[in-house]
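Subject: A structure to look through

Dear colleague,

Please open it first, and then read the notes below alongside it.

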Amino acid sequence: MKHQQPSLGVVLRRSWKKHCPRCGKGALFRSWFKLRECCSVCGLAIQPRPGDTWGFWIIGDRIFVAVPMIALYLGFTPVEWFPRLFFLGVVVALFFFTMPMRLGICVGLDYLARRRWKV
Ligand SMILES: [Zn+2]
């Protein structure tokens, strides 16, 4: 089955929504954080070589840690204990709840890299 090549924006949007980066219809995950072997609609191998997404994953995590550090550096330093706790809670909650979406983005970027370099 011939598929149209989706653009970078389309791939990132589909991946963020936890859908297949190629067709946009099949689900990427079996459970909260467990990837499927392949897309149930178009048959794309989601992660043919599991180590290939680590580079994107490490960069994505570092950016997530860097944003609160930059906010602190730029002067966002709550003085009272409750705003500090709230800030920490928001960062931890965002880190946890966006994990599947960030992993989806890593899979999408890996898909684009494989497509670009025909790996
Ligand atoms: Zn698909």
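A place to begin is Gln 5, which is partly exposed because its relative accessible area is 48%, a value between the 20% and 50% cut-offs. This residue sits in the segment before α1, and, once its neighbours within four places in sequence are left aside, it is in contact with Tyr 111 and Arg 115. Although Gln 5 and Arg 115 are 110 residues apart in sequence, their C-alpha atoms are 9.0 Å apart in space. Please keep in mind throughout that this is a predicted model, and that what follows was computed from it.

The overall layout

The protein chain has four helices and zero strands, so that, from the N terminus on, its elements run α-α-α-α. Along the principal axes, the C-alpha atoms fill a box of roughly 60 × 30 × 25 Å. A compact globule of 119 residues would have a radius of gyration near 14 Å, whereas this protein chain has 17 Å. Of the 119 residues, 29% count as buried, and the accessible surface comes to about 8200 Å², with 68% of it belonging to carbon and sulfur atoms. If you take the contacts with a separation of 6 or more, residues 24 or more positions apart account for 52% of them.

The zinc site

Which residues hold the protein donors of the zinc ion? They are Cys 20, Cys 23, Cys 39 and Cys 42, each through its SG atom, and these donors lie 2.2 to 2.4 Å from the ion. The angles among the four donor atoms are 106 to 118°, and the site is tetrahedral. In sequence the donor residues follow the spacing C-x2-C-x15-C-x2-C, which you can check by counting along the chain. Both Cys 20 and Cys 23 are buried.

In soluble globular proteins, nonpolar side chains tend to be buried together. Here the largest nonpolar core has 17 residues, and those with the most contacts inside it are Leu 35 and Cys 39. Helix α4, which covers residues 99-117, gives the most to this core, with six residues. As for Leu 35, its contacts beyond four places in sequence are Leu 28, Phe 29, Arg 30, Ile 46, Gln 47, Leu 103 and Val 107.

Some single residues

Is Asp 110 buried or exposed? It counts as buried, because its relative accessibility is 3%, and the cut-off for buried is under 20%. Asp 110 has its place in helix α4, where it touches Asp 52, Thr 53 and Phe 56, not counting residues up to four places away in sequence.

The C-alpha atoms of Glu 37 and Pro 48, which are 11 residues apart along the chain, are separated by 8.0 Å.

Lys 18 also lies in the loop between α1 and α2, and it is partly exposed, with a relative accessible area of 29%. Most residues other than glycine have a negative phi, but Lys 18, which is not a glycine, has a positive phi of about 65°.

In the loop between α3 (81-97) and α4 you will find Thr 98, which counts as buried at 13% relative accessibility. Leaving aside its neighbours within four places in sequence, Thr 98 is in contact with Trp 16 and Phe 64.

Finally, Leu 85 lies in helix α3 and, although it is a leucine, counts as exposed, because its relative accessibility of 51% is over the 50% cut-off. From Leu 85 to Phe 97, which are 12 residues apart in sequence, the distance from C-alpha to C-alpha is 18 Å.

With kind regards

Note on methods: Residues numbered from 1 in each chain as written. Predicted model: local features only at pLDDT ≥ 70, side-chain atom pairs only at ≥ 80, totals over all residues. Heavy atoms only, no water. Core = buried A, V, L, I, M, F, W, Y, C linked by side-chain atoms within 4.5 Å. Buried < 20%, exposed > 50% of the residue type's maximum accessible area, 1.4 Å probe, protein only. Helix = DSSP H or I, 4+ residues; strand = E, 2+ residues; numbered from the N terminus. Contact = heavy atoms within 4.5 Å. Donors = N, O, S within 2.8 Å, 3.2 Å for Na, K, Ca; no water. Tetrahedral: all angles 85-135°; square planar, octahedral: opposite > 155°, others 65-115°. Rg over C-alpha atoms; globule rule 2.2 N^0.38 Å. Areas by Shrake-Rupley, 256 points an atom, 1.4 Å probe, with all protein chains shown as cover.
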